[in-house]
Amino acid sequence: MATKQLRVPVLPVTEMEQGAFCRSEDDLLAKPLVEEMKANVNWQKIPDHYLNLSPTELDEKIKSSRDTLGKRVVLLGHHYQREEVIKYADLQGDSFKLSQYASQQETAEYIVFLGVHFMAETADILSHLQQKVILPNMSAGCSMADMATTEDVLDCWSDLCSVLGPEAVTPITYMNSTADIKALCGRNNGAVCTSSNAKAVMQWAFNQKPKILFLPDEHLGRNTALELGVTPEEIVVWNPYKPYGGLTENELALSKVILWRGHCAVHTRFRPQQIIAARSKYSNVKVIVHPECPQDVIAAADFNGSTEKIISAVNDSEPGSVWGVGTEINLVHRLQVNNPDKIIFCLDPVVCPCSTMYRIHPAYVAWVLDQLVADAPCNIISVPDDIKVQAREALERMLQITNSSAVD
Ligand code: SF4
């Protein structure tokens with residue numbers, strides 16, 4: 001392998017800002033935006049008069065804009081949004097379901113995405129040409145997606161092709177990645193996956209080529225590979241800040257799965273000790289966690305699955321069931337409210353919402369809708385055409401794989 005320079009590690013801003021909204025008391029009620037802006041994170045600037053509006057004033061504004069716009073606009077909301085935002089969603093889902101909803105919108109001229117940047121990009125890739133996708137706050141990114149920059153991933157791909165040959169590796173990216181990374185997978189015969197179909201997509205990839213590059217979530221990649229019988233010795237982690245990912249030629253040759261070193265700031269807060277504490281408090285507790293959690297947490301839990309799988313496991317359980325849940329706090333709260341006959345709690349004792357999802361404050365929703373009423377749309381997410389075509393290819397490949405295999 002040729003000699004390469006060491007790169008300086010750069011932590012994404014979104015990762016550094018993750019703790020900004022964590023608190024010890026159980027209070028996630030929205031405050032006027034001017035108050036919330038005191039949290040030390042990046043906020044998109046919007047006109048001053050939105051900053052002090054009360055929840056009631058924002059409600060009225062949003063309702064009035066929606067009445068004016070009618071079917072010209074549809075609002076899609078991710079499950080991790082807070083109550084004061086998700087209530088405006090016409091359709092709710094996890095990132096996979098929302099991408100399907102985006103592709104099914106026939107009449108709406110505008111899709112307002114109550115989620116984060118990569119989801120809005122996916123909606124733009126899958127929606128009709130004439131539709132515009134709007135993200136209410138442009139600083140609502142995703143720390144995991146930000147950990148796989150285009151430059152670093154292109155570098156990694158060219159290194160892998162030069163060391164292992166172009167026919168050795170299939171690139172797979174988790175939905176939680178930028179359009180550029182999805183496009184790289186599309187043009188190199190790879191695919192996108194979600195937490196509900198990662199196993200099927202990985203299995204498909206092993207039928208194509210001997211190795212997989214899995215981006216950008218190290219934990220989902222490892223958990224899925226182990227489930228498919230790949231041994232820990234056959235899994236390596238690519239560190240983008242080291243030459244050749246910090247791996248030797250031999251390690252790469254022996255590996256079956258090359259994991260990108262990325263993670264979710266929310267799901268890596270969970271620890272096996274929290275599960276031990278839950279079991280000692282409730283002898284009959286069932287523990288369910290998201291597969292973005294580290295492997296030792298998955299091993300200690302009773303079940304793991306996508307956001308939609310967590311929702312149906314809890315909703316479909318017997319009255320009186322006790323659930324310790326390892327996923328985003330706004331969703332866990334909603335499960336508690338919707339299942340008053342069960343005990344449901346978050347495994348993490350600290351109330352710590354996803355800080356980028358949390359940036360979709362109702363004031364931003366009011367602002368972007370007002371702009372639509374004024375025929376001056378703002379915050380349009382527009383993926384360049386060439387990237388769109390290639391990323392769509394990776395997404396469509398995922399859908400074909402999912403449709404032709406049983407997905408749990
Ligand atoms: S929960 Fe994790 S993966 Fe999802 S948007 Fe937040 S940081 Fe990204």
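Two residues count as touching when their C-beta atoms, placed from the backbone, lie within 7 Å. With that in hand, here are some close-ups of this predicted model.

**View 1. Isoleucine 111 and its contacts in the largest nonpolar core.**
Leaving aside residues up to four places away in sequence, isoleucine 111 touches Val74, Leu76, Ala102, Gln105, Ala123, Ser127, Gln131, Val133 and Ile134. The core around this spot has 124 residues, and Ile111 is among the four that touch the most other members, along with Leu76, Phe113 and Val201. Which helix gives this core its largest share? That's helix 17 (residues 362–373), with 8 residues. As background, nonpolar side chains tend to be buried together in soluble globular proteins.

**View 2. Strand 5 with its partners, strands 6 and 7.**
Is strand 5 largely enclosed or left open? Its 6 residues out of 6 are buried, so strand 5 is largely enclosed by the rest of the structure. Val169, Pro171 and Thr173 point one way, while Thr170, Ile172 and Tyr174 point the other way, and all are buried. Strand 7 pairs with strand 5 in the parallel sense over 5 bridges, and lysine 211 in strand 7 is the bridge partner of valine 169. Strand 6 also runs parallel to strand 5, joined by 3 bridges. Look there for cysteine 193, which stands opposite tyrosine 174.

**View 3. Helix 10 and what covers it.**
Helix 10 spans residues 198–208, and its buried residues are Ala198, Lys199, Ala200, Val201, Met202, Trp204 and Ala205. What covers them? The cover includes strand 5 (169–174), strand 6 (191–193), strand 7 (211–215), helix 11 (218–227) and helix 18 (385–403). Val201 turns up again in the nonpolar core, as one of the residues touching the most other members.

**View 4. Helix 9 crossing helix 18.**
The axes of helix 9 (residues 179–187) and helix 18 come within 7 Å and cross at roughly 70°. The cut-off for roughly perpendicular is 65 to 115 degrees, and the two helices are therefore roughly perpendicular to each other. The crossing is left-handed. On the helix 9 side, the residues that meet helix 18 are Ala179, Asp180, Lys182, Ala183, Cys185, Gly186 and Arg187. Their counterparts in helix 18 are Ile387, Gln390, Ala391, Glu393, Ala394 and Leu395.

**View 5. The parallel sheet 11-10-12-13.**
Here 4 strands form an open sheet with parallel pairing, in the order 11-10-12-13. Strand 11 (303–304) and strand 13 (343–346) sit at the edges with a single partner strand each, so one side of each has no neighbour in the sheet. Strand 10 (residues 286–289) pairs with strand 12 (residues 322–326) in the parallel sense over 4 bridges. In that pairing, valine 287 stands opposite glycine 324.

**View 6. The mixed sheet 2-1-3-4-14.**
This open sheet has 5 strands in the order 2-1-3-4-14, and its pairing is mixed. Strand 2 (91–93) and strand 14 (380–381) are the edge strands, each pairing on one side only. Strand 1 (residues 73–78) runs parallel to strand 2, with 3 bridges joining them. One to zoom in on: histidine 78, whose bridge partner in strand 2 is glycine 93.

**View 7. Proline 136 in the loop between strand 4 and helix 7.**
Buried or exposed? Proline 136 has 27 C-beta neighbours inside 10 Å, so proline 136 counts as buried. Not counting residues up to four places away in sequence, proline 136 touches Val112, Ile360, Tyr364, Val365, Val368 and Asn379.

Most residues other than glycine have a negative phi, and most peptide bonds are trans. In the loop between helix 17 and strand 14, aspartate 375 has a positive phi of about 60°. Asparagine 379, placed between helix 17 and strand 14 too, has a positive phi of about 55°. Aspartate 375 is exposed, with 6 other C-beta atoms within 10 Å, whereas asparagine 379 counts as buried, with 21 C-beta neighbours inside 10 Å. Finally, the peptide bond from leucine 215 to proline 216 is cis, with omega near -25°; proline 216 lies in the loop between strand 7 and helix 11.

Notes:
Residues are numbered from 1 along each chain as its sequence is written. This is a predicted model: local features need pLDDT of at least 70, side-chain atom pairs count only at pLDDT 80 or more; totals for chains, interfaces and linings use all residues. Two strands pair if DSSP finds at least two bridges between them. A residue is buried if 20 or more other C-beta atoms lie within 10 Å of its own, exposed if 12 or fewer, and partly exposed in between; C-beta atoms are placed from the backbone. A nonpolar core is a set of buried Ala, Val, Leu, Ile, Met, Phe, Trp, Tyr and Cys residues joined through C-beta atoms within 7 Å. Axes are lines fitted to C-alpha atoms, for helices over the stretch in contact, and angles run from 0 to 180 degrees between N-to-C directions. Angles under 35 degrees count as roughly parallel, over 145 as roughly antiparallel, 65 to 115 as roughly perpendicular and the rest as oblique. A crossing is left-handed if the near helix is turned anticlockwise from the far one by less than a right angle, and right-handed if clockwise.
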